Amino acid sequence: MSGSVLEALTLSTAMKCAPHDGCSLFLRVKASLTLHEGLRGLEACSMSLDTQETQCQSVRVPRASRRLQVGQQLQVHFDCFEVSVAQSLYVTLRTVPHFCGVQLDQRYHVEAGKLSYSVDRSRKVILVQVPESGGPDYYVRLCLKWFTCEDAGAPVRVTANGVSRRVSLPYKQELSCLCLEGWSATPDAVRIQTCPFEDDTETLWDAIHYHPGSQELSWEPACPMSGRVSLCWRPGPGPQCLELEQSGRPAHSRVQYPLVDTQPQLCLKFSTSLGFPVRCPFEQLRFPALPTSRCACVTEARRGPPRAAGCSRPPPSLWVTPQRTLWWPLW
């Protein structure tokens, strides 16, 4: 039998919903074939590449139809393979009986649907277009994607028979881990996510706080990240910032530095999975400084590291240890 008997194999997914059983995702297989007298039917098989589980279905062509329609092209549909989101499949289509070399095969990856949206930055809202499912109601919410997606606002329910399927969701900050999540109002429904600000990380580095009373400088990540944070000293214009010894802290949780003076050249240096910026919180007097010291201090220019000065003010908790000889102000 010629291999041209099987001419096309098309794969897609469809959602099937039952009134009491909820909705399930199914693989739809479409095939084109030219009817041959020796062809009694077709068999389609779907194998999961993750579990090696195989499902097969077949259709039979009655003998009377084979004789009357020999040489005609037919369309055959298989739509009863239940699948799940993110599943990788290997689909084969063969004749019954099986003839050597007469077979079609194709790999297929089951993808989740996508939410259409637009961002209105002036009003700080995300406008979401809920997909037409033709089934039950639909939920949409904003969430912060940590180990799970934590609520960043109440879910909005869109009814199936509603006039408008457009939802407006307000947000506070443009965070890289702020995501949209949508799912059907059925038990154990598959949830789809998309993160509008995934590439916007600048807001993460600005969450620096300083308490003048305790002289505590702190920073806390608003999104999950790995890496470290440290204090550094910027000797002059340019990107160079010399890290202070023993000031490194893990970046995955709140970072605190006690007894920090408001020096314009004192900065925070980030070395994380989301970027490597340097932020100098006292450069533009964002935070109020303590009153000037009651003792008289004199500035001298000398080579080498700073030495202790004869003042009654408590010494800073962290000192700069230069990697090479520089000109340092002596306070």
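In what order do the strands of the open sheet of three strands stand? The legends below begin with that sheet and then turn to single residues and ring pairs of this predicted model.

**View 1. An open sheet of three strands.** The order of the strands is E16-E17-E21, and their pairing is antiparallel. Strand E16 (208-211) and strand E21 (255-257) each have a single partner strand and stand at the edges, so one side of each is left without a neighbour in the sheet. Neighbouring strands here are turned by 15° against each other on average, with direction ignored. Between E16 and strand E17 (residues 216-219), the antiparallel pairing runs over four bridges, and His209 has Ser218 in E17 as its bridge partner.

View 2. With a relative accessibility of 14%, Gln215 counts as buried.

**View 3. Gln246 in the loop between strand E19 (242-243) and strand E20 (249-250).** This view shows Gln246 in its place between the two strands E19 and E20. Although Gln246 is not a glycine, its phi is positive, at about 60°. Is Gln246 buried or exposed? Its relative accessibility is 73%, and Gln246 therefore counts as exposed.

**View 4. Asp137 and its contacts.** Asp137 is found in the loop that lies between strand E9 (125-129) and strand E10 (138-145), and because its relative accessibility is 17%, Asp137 counts as buried. The side chains of Asp137 and Arg157 are joined by a polar contact of 3.0 Å. When residues up to four places away in sequence are not counted, Asp137 touches Arg157, Val158, Thr159, Ala160, Ser184 and Ala185.

**View 5. A tilted pair of aromatic rings, Tyr171 and Phe197.** A pair of aromatic rings is described by the distance of the centres and the angle of the planes. The structure holds five aromatic pairs, and one of them is the tilted pair of Tyr171 and Phe197, with 5.2 Å centre to centre and 55° between the planes. This pair links distant parts of the chain, 26 residues apart, since Tyr171 is in the loop between strand E13 (166-170) and strand E14 (178-184), while Phe197 is in the loop between strand E15 (191-194) and E16. Both Tyr171 and Phe197 are buried.

View 6. The ring centres of Trp219 and Phe270 are 5.0 Å apart and the planes of the rings stand at 65°, so the pair is edge-to-face. Trp219 in strand E17 and Phe270 in strand E22 (residues 266-272) are 51 residues apart, and the pair thus links distant parts of the chain. Both Trp219 and Phe270 are buried. Ring pairs also bring in Trp205, and link Trp205, Trp219 and Phe270 into a cluster.

**View 7. Arg191 over the face of Trp183.** Arg191 lies over the face of the Trp183 ring, at a distance of 3.8 Å from the ring centre.

**View 8. The cis peptide bond between Val96 and Pro97.** Val96 and Pro97 are joined by a cis peptide bond, for which omega is about 0°. Pro97 has its place in the loop between strand E6 (88-96) and strand E7 (103-109).

Definitions and conventions:
Residues are numbered from 1 along each chain as its sequence is written. This is a predicted model: local features need pLDDT of at least 70, side-chain atom pairs count only at pLDDT 80 or more; totals for chains, interfaces and linings use all residues. Side-chain values use heavy atoms; hydrogens and water are left out. Two strands pair if DSSP finds at least two bridges between them. Axes are lines fitted to C-alpha atoms, for helices over the stretch in contact, and angles run from 0 to 180 degrees between N-to-C directions. Buried means under 20% relative accessible area, exposed over 50%, partly exposed in between (1.4 Å probe, protein chains only). A polar contact is a pair of N or O atoms within 3.5 Å; within protein, one must be able to donate a hydrogen and the other to accept it, and residues adjacent in sequence count only if both atoms are side-chain atoms. Contact means heavy atoms within 4.5 Å. Rings of Phe, Tyr and Trp (its six-membered ring) pair if their centres lie within 6.5 Å; planes under 30 degrees apart count as stacked, over 60 as edge-to-face and the rest as tilted. A charge sits over a ring if NZ of Lys or CZ of Arg is within 6 Å of the ring centre and within 35 degrees of the ring normal.
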